[in-house]
Amino acid sequence: MRKPALLAALCGGILLCMAALSEGDSLISLSDLKNTFIPQTVQQAEAIQEQSIQSAYDWAIERAQQIAGGGTASGSYSGDLSPRALAQDSIVTLETGGCFLLASGAGTVTHTGAVVDATAGREVSSGGALQAGHRYLVAEDTRADFSLTAPSSAGFSGSYRLQEGNGGGTTPPAGDLPFTDVRSKDWFYSSVSYVYQNGLFSGMDAATFGPNLSMDRSMLVTVLYRLAGSPADQLASASASFSDVRDKDWFAPYVRWAASQGISAGTGDGLFSPGQPVTRQQVMVLLYNFGTRYMGLNLYQRADLSGYADVSRVDGWGEEAMQWAVGAGILSSTTPGALVLEPQSSATRAQVAVMLEKFAENFL
């Protein structure tokens, strides 16, 4: 800042004047110099310096108000991650230190450096898909655009720019869904809508849900964690371990959580088999354990399975859960006009969506 230098120069001038007077210069008396000239000069210099400091202060306050007050179109500030409704095609731009939470919906992120999925504990490549219920942190020297490909609920903190979407897009949604492979007349439509709108499932990508794809065991425990309300403290304190689950795996925290809460004990021999397709019987066992051991529910319903053609394929460890699931209406026959359970068949994403919706409606 140059103003303090000006004050020093003025003071230096005063000293030169005093030195000149001491050598007999009679242009101004020593009394006038001490009592009038010096005080006035110092006062003027202090006023100049104060004005300079005040100008800098006013500029800083104005800039802070622009950022924090949200009064400008180009930039605003959010102090927390409170979710807000955002239309499809909305884009939230965050810089270093910014945080983005996708409460529900779908989207992608493009960035210039590094974005970390803090929920899963891994980096997300530029152009990667966002997962509902996950929190993302923008790393150092990075600018990130979080683009929503469906009507979503999202929160973000830090300095941001928001470009509101109009709900359009190139992919025609099925009612309230953005997926091209889910039609309103499909038997699973309402259940897919339920799990999607409640943030339990996200799509395989922005445009597809994959209703007929098998769900694996890691996906199911992740969904159950979301169904539990995403308790971050329990996730952080979970300590179970399996030889086929590495710390860097995105699903590792959810596997540990499910094991710590008594929902799943793995598949034996210290394995969890995270990529193994989950069977219809396994879904019922995990749901039953979730309800009784985690939620503390009295799941007393029981059905007689003796009339089912494939009851012999129900394992002893899964029999109670299967009896409950049929008795509670969570599980039904897969074949019209016959009683068939298919307990060892892989459960599709659509089937699990239906099971979860029925469980939530009846017990939560």
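This is a predicted model: local features need pLDDT of at least 70, side-chain atom pairs count only at pLDDT 80 or more; totals for chains, interfaces and linings use all residues.
Strand 3 (residues 91–94) pairs with strand 10 (residues 144–148) in the antiparallel sense, over 4 bridges. Strand 3 also pairs with strand 11 (residues 152–163), again in the antiparallel sense and over 4 bridges. Thr93 illustrates both pairings: its bridge partner in strand 10 is Asp145, while in strand 11 it stands opposite Arg161.

The structure holds 1 cavity of 30 Å³ or more, and the largest cavity contains about 30 Å³ of space. Which residues line the largest cavity? They are Leu220, Leu224, Val283, Leu286, Leu287, Val352, Met355 and Leu356. Helix 4 (217–227), helix 7 and helix 9 (349–363) are the elements that each give two or more residues to this lining. Several of the lining residues are separated by three or four places in the sequence, a spacing that can be understood from the geometry of a helix. An α-helix has 3.6 residues a turn, so residues three or four places apart point the same way. By class, the lining of the largest cavity consists of 8 nonpolar residues, with no polar and no charged ones.

About 380 Å³ of space lies in the largest pocket. It is lined by 20 residues, of which Gln131, Ser202, Gly203, Met204 and Arg349 are the closest to its centre. Helix 4 gives the most to this lining, with 4 residues. The lining of the largest pocket comprises 11 nonpolar, 5 polar and 4 charged residues.

The second largest pocket holds about 300 Å³ of space. Among its 16 lining residues, those closest to the centre are Ile263, Val285, Leu286, Asn289 and Trp317. Helix 7 and helix 8 (319–327) are the elements that give two or more residues to this lining, and helix 7 provides the largest share, 6 residues. By class, the lining of the second largest pocket divides into 7 nonpolar, 6 polar and 3 charged residues.

Conventions
Residues are numbered from 1 along each chain as its sequence is written. Side-chain values use heavy atoms; hydrogens and water are left out. Two strands pair if DSSP finds at least two bridges between them. On a 1 Å grid over the protein atoms alone, a cavity is a set of points where a 1.4 Å probe fits but cannot get out, and a pocket is an open set with protein on both sides within 12 Å along at least five of seven lines; lining residues have an atom within 4 Å of a point. Grid points are joined across faces, edges and corners, and a volume is the space filled by probe spheres set on the points. Ala, Val, Leu, Ile, Met, Phe, Trp, Tyr, Cys and Pro count as nonpolar, Asp, Glu, Lys and Arg as charged, and the others, Gly among them, as polar.
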